[in-house]
Amino acid sequence: MTAYETNSPGFRIVEAVVSAEECDALVQSLSNPQVSRGRAGARHLMVVPEIARLACDERLKDIARRELKAEPFPFRVTLFEKSGKANWLVVWHQDTALPLKARFEDNGWGPWSEKAGVAYAHAPAWALSRVWALRVHLDASTMDNGPLRVVPHSHRLGVLTDDEIGGVVREQGFIDCLVAKGGILTMSPLLVHSSSKARIDAPRRVLHIEYTDSQSLGPGIELAVA
């Protein structure tokens, strides 16, 4: 199981990891017919060769390796795309659902759902502590285009109820994460986070790449690659 660093706030910004030219090429790759785009973006992007190569790029794996204290295994990539024309508010939450190869019975997991043919279950804190996300910014994230907001150190509180999340935000406050194009925001899925609506039309596109220390989280518990 991953042990969090004592003073880790649960997130970190690493600037200038991916070049502007690489970002533009990745945007082009998202026009691949394999990508089923929705209003908010697209999920299950490991099927796109260019995206899979990015997830396995040593620059990103080095960052994930530092966070996980283990060899990182990329298992899921999601595109979040926000602009003045495709705009939404994301309420305060944690990312607790994981894609799994098969359903199983365990009191610590659930409820279950299915997204594009992939089984998902809400996971317990011990499993989520073995996951870390790298958010690759294909556009600059500014105060005007709905940046991610996070509550530092909240990932240490375990899986919270909606009421508990609201209390944490009120008591601890939050910060806005502003990241330049090509920069990466790393974060624990247990970190309490949200984002506001964009105030401008310029897009804010982010590739949310998730890594784990092992595809197998235990007997009969294997993550799906999505």
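Tutor: Start with Trp112, which counts as partly exposed at 21% relative accessibility; the scale runs from buried (under 20% relative accessible area) through partly exposed to exposed (over 50%), with a 1.4 Å probe and protein chains only. The model is predicted, so local features need pLDDT of at least 70 and side-chain atom pairs count only at pLDDT 80 or more, while totals for chains, interfaces and linings use all residues. Residues are numbered from 1 along each chain as its sequence is written, and side-chain values use heavy atoms, with hydrogens and water left out.

There are four aromatic pairs in the structure (ring centres of Phe, Tyr or Trp, the last by its six-membered ring, within 6.5 Å; planes under 30 degrees apart are stacked, over 60 edge-to-face, the rest tilted). One of them joins Trp112 to Phe104, edge-to-face, with 5.1 Å from centre to centre and 85° between the planes. Phe104 has 15% relative accessibility and counts as buried. Another edge-to-face pair is Trp109 with Trp126, at 6.1 Å centre to centre and 80° between the planes. Trp109 is in the loop between β5 (97-100) and β6 (112-115), and Trp126 is in helix α4 (residues 125-128), so this pair ties together parts 17 residues apart in sequence. Helices (H or I, at least four residues) and strands (E, at least two) are DSSP runs numbered from the N terminus. Trp109 is buried at a relative accessible area of 6%, whereas Trp126, at 31% relative accessibility, counts as partly exposed. Ring pairs link Phe104, Trp109, Trp112 and Trp126 into a cluster.

Next comes Lys115. Its charged end sits over the ring of Tyr120, 4.7 Å from the ring centre (the criterion is NZ of Lys or CZ of Arg within 6 Å of the ring centre and within 35 degrees of the ring normal). Lys115 also belongs to the lining of the largest pocket, where Thr78, Phe80, His93, Asp95 and Lys115 lie nearest the centre among 32 lining residues. On a 1 Å grid over the protein atoms alone, a pocket is an open set of points with protein on both sides within 12 Å along at least five of seven lines, where a 1.4 Å probe fits; a cavity is a set from which that probe cannot get out, and lining residues have an atom within 4 Å of a point. About 710 Å³ of space lies in this pocket, the volume being that filled by probe spheres set on grid points joined across faces, edges and corners.

The pocket lining draws at least two residues from each of β2 (41-42), β3 (73-82), β4 (90-93), β6, β7 (118-122), β12 (193-195) and β13. β3 gives the largest share, five residues. In the loop between α3 (58-68) and β3 is Pro72, which counts as buried at 4% relative accessibility. Leaving aside residues up to four places away in sequence, Pro72 touches Lys61, Ala64, Arg65, Tyr211 and Thr212 (contact means heavy atoms within 4.5 Å). By contrast, the C-alpha atoms of Pro72 and Lys197, 125 residues apart along the chain, are separated by 32 Å.
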